[in-house]
Amino acid sequence: MNDRPRASLRRILEDLGSTVLDVAAAEGGLLDAEVTGVHIYDPLDEPLLPAGSIVLAVGVDRAEQICALLDAAGPAAGVVVKQPVDVDGSVHAKVRETGVAVLGLTRAASWAQVAALLRALLAEGDFAEPGETPIDDLFSLANAVCALLDAPVTIEDRSSRVLAYSGRQDEADAGRIETVLGRQVPERYRRMLEERGFFRQLYQSREPIYIELNDGTIGRAAVAVRSGDEILGSIWAAVREPLSGQRRQALADAAKIVALQLLRQRAGADTRRRLRADLLSTVLAGGGDAAEAAGRLGVASERLCVLAAQLSDGPDADAARRESDRQRFCDALALHVGAIHPKAAAALVGSVAYAVLPMHGSGDEEARAVRVAESFLARVGPRHAANIGVGRMAHNLAEVSRSRADADRALRVLRARSTSGAVACYTGVHFESLLLQLSDLVHAEEQTPTGPYERLLEHDARHGSELVSTLRAYLDAFGDVNAASAKIHVHANTFRYRLKRLVQISGLNLADPEARLAVMLQMRIFGG
């Protein structure tokens with residue numbers, strides 16, 4: 001059971017502040033509605049919105065569109081529209097009728113930013129009722145430091161990603177607002193801080209430092225968050241002048257408390273990841289415990305599709321870097337499939353990130369799963385080079401293990417092709433997968449080429465001839481001598497002479513389809 005206070009529209013508005021979200025139309029106690037998830041509105045999709053969802057109304061800007069969306073939103077908690085929101089009497093009447101609030105989003109924010117921000121807030125359990133704030137919550141700590149320093153605060157990790165932030169961010173500058181909205185310090189600011197040596201100064205000092213920024217940007221007081229010699233992150237306060245001695249000490253003390261909380265969160269996250277990976281492994285393996293594991297994961301029990309995603313590791317990547325990249329890649333996959341279906345699950349099992357994606361029965365489930373995988377790779381492609389195999393549909397939990405095996409085999413075909421950034425459905429690479437399985441069997445039993453193919457290989461090895469490549473070109477060209485000779489860059493008459501020689505030496509009957517199939521399979525399995 002989750003004993004954290006529930007998330008409500010009111011708590012979201014208080015935590016984000018009017019800089020990001022504001023109320024456009026809400027009647028009575030609508031702001032106390034419980035929020036359960038975030039969904040992006042697409043007029044081309046059937047609106048299947050769970051109760052309590054926040055609907056991001058992309059492209060909706062007129063009053064009549066807002067009213068139509070409120071009718072379609074059903075049990076949603078609220079609808080978010082870019083400011084300025086066209087609110088008239090009809091919108092207010094529709095809000096009273098449907099019980100769905102309308103919120104306005106600042107035009108400076110992108111939909112991707114606000115979607116990630118809201119999902120992160122809901123996932124992290126950042127909400128607490130007044131007077132019941134737990135001291136070990138990072139957002140609560142940020143607010144406490146803000147009160148001590150009388151300045152807006154962010155808590156960031158080593159990569160300058162925002163882990164938590166305090167209220168009053170609207171008192172800072174445009175750079176801080178952009179940082180909070182994107183949950184990441186913008187690259188141009190990071191580069192400037194690195195070039196001016198501020199990060200080096202920050203991480204070498206055990207005391208708070210003051211950074212004077214120009215170009216109308218408010219200065220920053222910052223302190224590294226440490227666990228022994230390990231740098232866990234940093235705290236940044238937007239201040240207009242260096243801190244007094246008392247406030248410097250308060251910031252240094254806060255860094256120790258934040259370090260403890262980050263260590264607790266890291267330990268908890270590792271435990272949750274291991275548990276999730278164990279549960280998903282059980283589901284993927286099938287068997288008697290699969291139903292219980294699926295129930296604990298919350299995945300649907302019917303019509304599931306398994307995705308197997310794997311990074312294309314570079315040859316020089318060290319083990320620690322690879323493991324970190326794999327975990328971030330898996331987290332991104334979990335967020336992606338979770339945005340598509342609230343009951344999807346993903347976890348890292350070995351070096352492969354598996355996702356179990358529930359699918360609605362419409363006859364094109366595998367094609368839709370491929371599109372989901374392609375969309376994910378398109379999003380993470382600049383940061384993570386990877387391949388994804390897609391298994392066949394599993395109509396019940398008993399078939400999930402087969403879908404997982406399909407996804408693994410499709411992924412192996414992509415690895416064998418030495419490709420990157422590709423998606424393959426098992427049904428599309430079935431024959432290549434069978435050849436790889438047959439190759440495994442042949443090598444396990446230490447079998448070697450036989451018959452005509454063996455004789456051609458031996459002749460080429462002894463005499464330096466090219467009879468095998470001649471045969472391959474001939475078969476690939478369906479017996480078209482002109483096309484085959486052009487492919488290997490020899491005259492057609494020379495090619496005919498080689499073809500006659502290889503038939504004499506090997507005894508291969510090129511008119512026999514069974515003989516052609518046999519030699520083609522040996523070529524694919526043994527190479528040469």
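Which residue just after α16 takes a positive phi? Select Phe478: its phi is about 55°. Helices and strands here are DSSP runs, numbered from the N terminus: H or I over at least four residues for helices, E over at least two for strands.

**Before you click on**

This is a predicted model, in which local features need pLDDT of at least 70, side-chain atom pairs count only at pLDDT 80 or more, and totals for chains, interfaces and linings use all residues. Residues are numbered from 1 along each chain as its sequence is written, and side-chain values use heavy atoms, with hydrogens and water left out.

**Whole chain**

Of its 528 residues, 46% are buried. Buried means under 20% relative accessible area, exposed means over 50%, and partly exposed lies in between, with a 1.4 Å probe and protein chains only. Now take contacts, meaning heavy atoms within 4.5 Å. Among those between residues at least 6 apart in sequence, 57% join residues at least 24 apart.

**Stop 1: helix α16**

Select residues 467-476. This helix is mostly covered, with seven of its 10 residues buried. Colour Leu467, Val468, Thr470, Leu471, Ala473, Tyr474 and Leu475; these are the buried ones.

**Stop 2: His489**

Go to the loop between α17 (481-487) and α18 (492-506), where His489 lies. His489 is not a glycine, yet its phi is positive, about 60°. Is the residue buried or exposed? His489 counts as exposed, at 72% relative accessibility.

**Stop 3: α13 against α14**

Select 400-416 and 430-444. These are α13 and α14, which pack at an angle of about 85° with their axes 9 Å apart. The axes are lines fitted to C-alpha atoms, for helices over the stretch in contact, and angles run from 0 to 180 degrees between N-to-C directions. The two helices are therefore roughly perpendicular to each other. The cut-offs are under 35 degrees for roughly parallel, over 145 for roughly antiparallel, 65 to 115 for roughly perpendicular, and oblique for the rest.

Show side chains. From α13, the contact uses Arg409, Arg412, Val413 and Ala416. From α14, it uses Glu432, Ser433, Leu436, Gln437 and Asp440. Ala, Val, Leu, Ile, Met, Phe, Trp, Tyr, Cys and Pro count as nonpolar, Asp, Glu, Lys and Arg as charged, and the others, Gly among them, as polar.

**Stop 4: the largest cavity**

The structure holds one cavity of 30 Å³ or more. The largest cavity has about 200 Å³ of space. The lining has seven nonpolar, five polar and four charged residues.

On a 1 Å grid over the protein atoms alone, a cavity is a set of points where a 1.4 Å probe fits but cannot get out; a pocket is an open set with protein on both sides within 12 Å along at least five of seven lines; lining residues have an atom within 4 Å of a point. Points are joined across faces, edges and corners, and a volume is the space filled by probe spheres set on them.

**Stop 5: the second largest pocket**

This pocket also has a volume to note: about 200 Å³. Select Arg206, Ala224, Ala252, Ala255 and Lys256, which lie nearest its centre among 13 lining residues. β9 (220-227) and α9 (245-285) are the elements that give two or more residues to the lining. α9 gives the most, with six. By class, the lining has six nonpolar, two polar and five charged residues.

**Stop 6: backbone details**

Zoom to Gln83 and Pro84. A cis peptide bond joins them, with omega about -5°. Pro84 lies in the loop between β4 (78-82) and α3 (89-98).

Next, select Arg168, in the loop between β7 (162-165) and α6 (174-182). Its phi is near 70°, a positive value in a residue other than glycine. Arg168 is partly exposed, at 30% relative accessible area.
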